[in-house]
Every structure is written in structure tokens, then in C-alpha cells.
Amino acid sequence: MILELAGVTKTYGDVAVLRGIDLRVDEGELVAIVGPSGSGKSTLLHVMGTLERPSGGQVRIRGVDVAGLSDERLADVRARDIGFVFQQFFLSAHATAAENVADGMLYAGVDARTRRRRAAEALDRVGLAHRANFRPAKLSGGERQRVAIARALVGRPAIVLADEPTGNLDSATGGAIVTLLHELHASGATILVITHDHDLASRMPRQVQVLDGRIVGDSHATALR
Amino acid sequence: MRLRFADQARVASVGVRARKVRAFLSALGIAIGVAAIVAVLGLSSSSQAGLLAEIDRLGTNLLTASSGQSFSGDAAELPREAPARVGNLDAVESVAHTGDVTGAHVYRTPLIPAVSTNAIQVRAASLNLPSVVAAGMAQGRWLNEATATQPVAVLGATAAKRLGFERVTPGQRVWLGDQWFYVAGILEKAALASELDSSVLVGYPAAERHLNYVAIARGAAVAGPPSTLYVRAATEQVAGVQAVLAQTANPESPNEVDISQPSDALTARAAAEGAFDSLFLGLGVVALIVGAVGVANIMIISVLERRSEIGLRRALGATQRQVRTQFLAEAVLLTVLGGTAGVAAGMIATVVYAQNQGWRVVVPVEAWAGGIAAAVVIGAIAGLVPAVRAARLSPTEALRTV
Ligand SMILES: Nc1ncnc2c1ncn2[C@@H]1O[C@H](COP(=O)(O)OP(=O)(O)O)[C@@H](O)[C@H]1O
Ligand SMILES: [Mg+2]
């Protein structure tokens, strides 16, 4: 079990954004979390990724309850076990693709040489070996998101959390990114993708539907039943 | 997980490398402040070193004994034998002397009316005068046994200027007393005997023969009398010589003799030069404060602009402490870049000016090390609030930007 949420709630003031989320993600899964805008998907991703502490309930990553961990330990969990992919890519404009990818392991206590080598491998994995020395400004949107995905993968995290990874891309490019996620999944990566796009979600092996901070459907649970 | 130093340095320089012009401008205030402080300290130390070297060259063992005023208020005279008597003292290395030829005036031409005096004093001088007072020749040559008997003069540095001499060419003359004197040379400024600067010097025999400067010794008329003795004492016995000098020079009325040690004034000046110019120092400090405010301001703006970078770094596993360190280090990097440039500029200013003046270049360690240290401290202070803000930023809030 890579990720386990039990009764997770999140409230901002008196706004309840997450209202009791129970979810388990196993190693090697490719899961889509789908729901309309404002349903709490990003908040859920932040809680799963330890960027935000839940107001209630339990979050376990590789069996460890993260509630009791200090800021330092949480940062360590993010550095080693979690890879993030964001809609806006968040690449450094002043660094090359390879440098951006290598920064994915910057805070994981890995020496620079290893980071560079692993970055080259990760870029190769997302099909961008030939763009290693390009800066983001010289890359297309799809290529930028591939760099961001390589950065999320480079540290071989337990799980990759992607928040609307195709949100800033046209449908063809977005489709190629989804294909890439499938390939990565096929080669063993555990990936959780958030999207409001049902078509995209339907291409994933497992879909979890979220509405108003609750899980209202889980294809995996149905299959199991 | 701790970042390695190289990574820390690279992360700290991200902002500086990304916005070079902004970094340059925000470091400029610090650079100006540090440059001013380093230059002020460097220049005062160098000028002091220059003066001390000068004092060293001139020696502090020169004493002068001059005829002061007699008890009745008339100008006193030194006895004709005074130089010889002083020269006989064991602790005295050499004695030179001059005699004031009062009533003789010097002009460039005879056409200038005698009433317009030019404050140039004509003096008879012993031949060893330049070596004893450590004054060299700026132009031409000093008197010798032959020219000391002839109508030949040597001009002091100021006197030459007043008379309109820049260089000495053969055949140039001055109208001295009532006849032409050939100009043999021009003295350099005499730091230990500045009265020579505004003098025109002739040999004693010439003064006697052509200017009627005579004293009576043992019933016979001889050149003289001397007015001022320049005495080089053995370095360890200056005080001893000073104590007996008046008595030796004029045993009959020692209190009519004024004794002085000309290097005293220079030594006092050297001490004063060591004190730095507090106005410029104050300006430097003001520039540093303004620079610090500028850096703090830039860092606050930088934190606001780079929220998504901060959020991303937290997502990649940066701790709050690492984010804080990053921005603190960036502020220190900015001020240290400014400080280093300031130290370089201050040193260059010191070197250029000091070499121009012929001083040895001295930049005290406190000046440059203090400049760098001040830059570090200023960076830490200016960067503290922005860094704490960056670290406190919630990662999800930081990521929600755009
Ligand atoms: N820090 C916060 N403070 C207050 N409300 C928030 C905060 N973060 C999210 N929300 C609210 O929670 C809801 C869900 O947001 P979000 O998780 O971003 O949804 P989604 O990603 O599904 O569009 C929104 O109504 C949003 O306004
Ligand atoms: Mg969202």
C-alpha cells in the first residue's frame, strides 16, 4: 500500500473542502481523480502530497502516518517519496531542461553527479533526450510538461501526483502526455492524475469521482465488489 | 536533508543570475558605501605612511638654534664662534648655519622700485647647509668654495617662484642689493627648514664682499654673524644636545637663543593625518544604510515575485529552513558582491592617489576586512524579514499563484 487516506477532512475556516475521504492506492496503479472544478481535487492532492496537513483523518504514505511528522520530516517525505506535476509546469526559465529535471532530486541528499546522470535518464524516459540543453522558453508546451514529468520521476518516488497535467495543453498534446503517463505506468510507476476531463479520466485504468469534497464513485471499488 | 555547499551557493545565486541588472543596482549602494569607507581609511593610512617615510628620510635629530630677541627687545645676534663651539660638542655630528643679511632685497630686475618688498630674505649660508637640513637641489647646483666668494646665489623653492624662475639656465641673474648675482640653482622645498624656501642664499664670503655683511671678531672684520644654527645631533643624544645648545651657542646670554626641533611639527602632522576624514566616513555609512534598505526592498519584491518558485521548492522537498536560508544567502550574496566591488574600488582609489603622491600604499586590514564583514552583516539584516516571509509562505498558497 503506497497511499492510504482514512476519513480525511480539510476545512478552511468554516468552509469544508474535503469531507471524509477514504482512498487507497496500491503500488503500480494509475488512478484518475475526476470531478468538476472546485470539488476539492487540488486540495486532496495537496493533502496526499503532505503540502497541506488534513484537518481530520489519517494520511499514510508507505504505511507511515504523516500527521505526527515535523516540517523537516514531511519535506523529506516529499523529497524522496512523492513527485509532483502541476498544470503550470513551474520550470525555472534560467535553467536547461536537464538542470530542471536534476533539481527534482536537489533536496533528496543526492550528489550532483548522480543527479545529472539520473536527469539524463529521466529525460530519455519522457522522450526528450535531444532537448536536454534547451531552456524552457525554447520548448513547446508539451515538451515543458514532459520536462516537469521527468523532474517528478527522477528521484524514483513512490507515487507521482499530477494536478491537471494537460490543463494548459491542446488536446493532441494532452493526449500525448496521457500516452506518456500510460507508458510510465506500464514500466512500473505509481501515478495519480487529477483532472476535470472525463474523457481523459476514462482512458485511465481506475477512476475516482469527487464531488463537493466527497468520493462519489470509484471504478476500482466497483470492480472489486 | 542538508544541502551541500555548492548546491546552497547555486540556489542562493538563482535570483542574482536571473536579474543581473537589478542585482547590480541593488548592490550599488553597498558598493559605494564600502568604497568610501575603504578609500577614506586607505588614504589616511597611506598619507600617514608617506609622511612617516618623509620624516624618516629627513631624520628627527635636527635641532635649530636661532637668535631670538634680546632682553631689551632688539634682534639678538649669535656670537661669531657659535658654530665652531657647537660643532665641538661630542654628540653633535654636523653644524650648518645661515646669517640673515638684513636690508638686502632681491628683484628680478633693477627696474622694480625698492619699496615693493617681496618678503624674500637674503641669507648667507655655510656650504654644508643642504646636506645638514636634508634639502636637495631642484635645479642647477649648490654653492661651492669658488662660487661662495662670487656674486652667485641659490634660490629657495618659494623665492624662485616669486621671482619667476622655473628653471635655471646659465647667465640668469637676480638684482640683489645693488648688483647682479648669477643664479646657480634652486633648492627643493626644505621640510625641516621652511624658512629657507623664501630665502635667497649666498656664500658668507660673497655676503661680506658684496653685501657688506660683517661681524667683528677679535678686532678684525669677518663675515657674519650667524643667525641660525642647524645642528645634527647623534640620534640617541638629541635631548642632551638640546639641553646644552643655547648655553653652548651663546654662553653670555643663553636665553636669547631659541631652540627648536623642526621634525616635531611633522610628527604632529603625521599623527593628524592618521585621523580619518569623518565627513566622508559618515557619507559612507549613510550609503551603507541606504544600500541596506535597497537590498531589503528588492528581497521583499523578489519573494513576492517568486512565490511559485518557493512553492515548487517546497514540493520538491525543501524545508522551511532551506527556503529561509536560500533568501538570506541571496541577500548576503548581493551585499557581499557590492562590498567586494566597493573594497576593490576603494583600494584602486587609494592606490591611484597614493602613487600619485609618492606614498607607500597602505590599506589597513580593518578597512577591507571590515568592509566585507559589514556587507555580510548588512545582507543578513536586510535579508532576514524577506527570508522569514518566504519560509512562512504556505506551499499550497505559493503554488496557487499564477
Ligand atoms: N486556502 C484556502 N482557503 C479557503 N478556501 C480554499 C482554500 N483552498 C481551496 N479552497 C476552496 O476549496 C475549494 C476546492 O478547491 P480546489 O481543491 O482547488 O478544487 P479543484 O482543484 O477541484 O478545482 C474551492 O472552493 C476553493 O475556493
Ligand atoms: Mg484544481
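**View 1. R123(B) and the residues it touches.** Leaving aside neighbours within four places in sequence, R123(B) is in contact with a run of residues made up of T98(B), G99(B), D100(B) and V101(B), and also with E195(B), L196(B), S199(B), V200(B), L201(B) and V202(B). Keep in mind that this is a predicted model.

**View 2. Where R123(B) sits.** Look for strand β4 of chain B, residues 121-125, and you'll find R123(B) in it. Is R123(B) buried or exposed? R123(B) has a relative accessible area of 9%, and buried means under 20%, so this arginine counts as buried.

**View 3. Chain A, the overall fold.** Now over to chain A, where the secondary structure comes to 8 helices and 10 strands. Its C-alpha trace spans about 45 × 40 × 35 Å along the principal axes. How does the radius of gyration of chain A fit with a compact globule? For 225 residues such a globule would come out near 17 Å, and chain A has 17 Å, so the two agree.

**View 4. Chain A, inside and contacts.** Of the 225 residues in chain A, 53% count as buried. Take the contacts in chain A with a separation of 6 or more: 71% of them are between residues 24 or more positions apart.

**View 5. Chain A, surface and charge.** The accessible surface of chain A comes to about 9500 Å², and carbon and sulfur atoms hold 47% of that. As for charge, chain A carries 27 positive and 26 negative side chains. The centres of those two sets lie 4 Å apart.

Conventions: Residues are numbered from 1 along each chain as its sequence is written. Chains are lettered from A and ligands numbered from 1 in the order in which they are written. This is a predicted model: local features need pLDDT of at least 70, side-chain atom pairs count only at pLDDT 80 or more; totals for chains, interfaces and linings use all residues. Side-chain values use heavy atoms; hydrogens and water are left out. Helices (H or I, at least four residues) and strands (E, at least two) are DSSP runs, numbered from the N terminus. The radius of gyration is taken over C-alpha atoms; the globule rule is 2.2 Å times the number of residues to the power 0.38. Buried means under 20% relative accessible area, exposed over 50%, partly exposed in between (1.4 Å probe, protein chains only). Contact means heavy atoms within 4.5 Å. Accessible areas come from the Shrake-Rupley method with a 1.4 Å probe; for residues, only the protein chains shown count as cover. Lys and Arg count as positive and Asp and Glu as negative; His and the chain ends are not counted. The place of a charge is taken as NZ of Lys, CZ of Arg, CG of Asp or CD of Glu.
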